Amino acid sequence: INTDIYLDSVKLEIQFKYAESKGAEAVVIFGEEEKQSGSVKVKWLATREQDTVKVEDLSSFLSSRLNP
């Protein structure tokens with residue numbers, strides 16, 4: 001799974017536009033709320049749908065969705 005990390009502290013919408021410009025299919029959101037719950041949010045850029053996934057399941061979840 002190819003990844004890119006956006007380290008600047010800017011609004012999520014700017015980060016989404018960056019991901020789209022790189023051809024990303026999805027972004028993984030890991031903020032304070034996700035840190036406390038042990039999960040991440042996966043946002044699909046084409047549809048703007050969002051899934052919540054446990055951190056330990058992220059790799060297999062993305063592999064199954066990106067490479068069916």
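**View 1. Asp51 and Arg65 form a salt bridge in this predicted model.** Their side chains meet at 3.0 Å, N to O; a salt bridge here is a side-chain nitrogen of Lys or Arg within 4 Å of a carboxyl oxygen of Asp or Glu. Asp51 belongs to strand E3 and Arg65 to helix H3 (residues 58–66), so the pair ties together parts that are 14 residues apart in sequence. Helices (H or I, at least four residues) and strands (E, at least two) are DSSP runs, numbered from the N terminus. Asp51 is partly exposed at 25% relative accessible area, and Arg65 is partly exposed at 38%. With a 1.4 Å probe and protein chains only, buried means under 20% relative accessible area, exposed over 50%, and partly exposed in between.

**View 2. Arg48 meets Glu13 in a salt bridge.** The N to O distance is 4.0 Å. Arg48 sits in the loop between strand E2 (39–44) and strand E3 (50–54), and Glu13 in helix H1 (residues 12–21), so this contact ties together parts that are 35 residues apart in sequence. Arg48 has a relative accessible area of 35% and Glu13 one of 41%. Widen the view to find Glu20, linked with Glu13 and Arg48 in a network of salt bridges.

**View 3. Lys41 pairs with Glu34.** Here the salt bridge spans 3.3 Å, N to O. Glu34 is buried, at 7% relative accessible area. Across the whole structure, the search finds five salt bridges.

**Notes for all views.** Residues are numbered from 1 along each chain as its sequence is written, and side-chain values use heavy atoms, with hydrogens and water left out. In this predicted model, local features need pLDDT of at least 70 and side-chain atom pairs count only at pLDDT 80 or more, while totals for chains, interfaces and linings use all residues.
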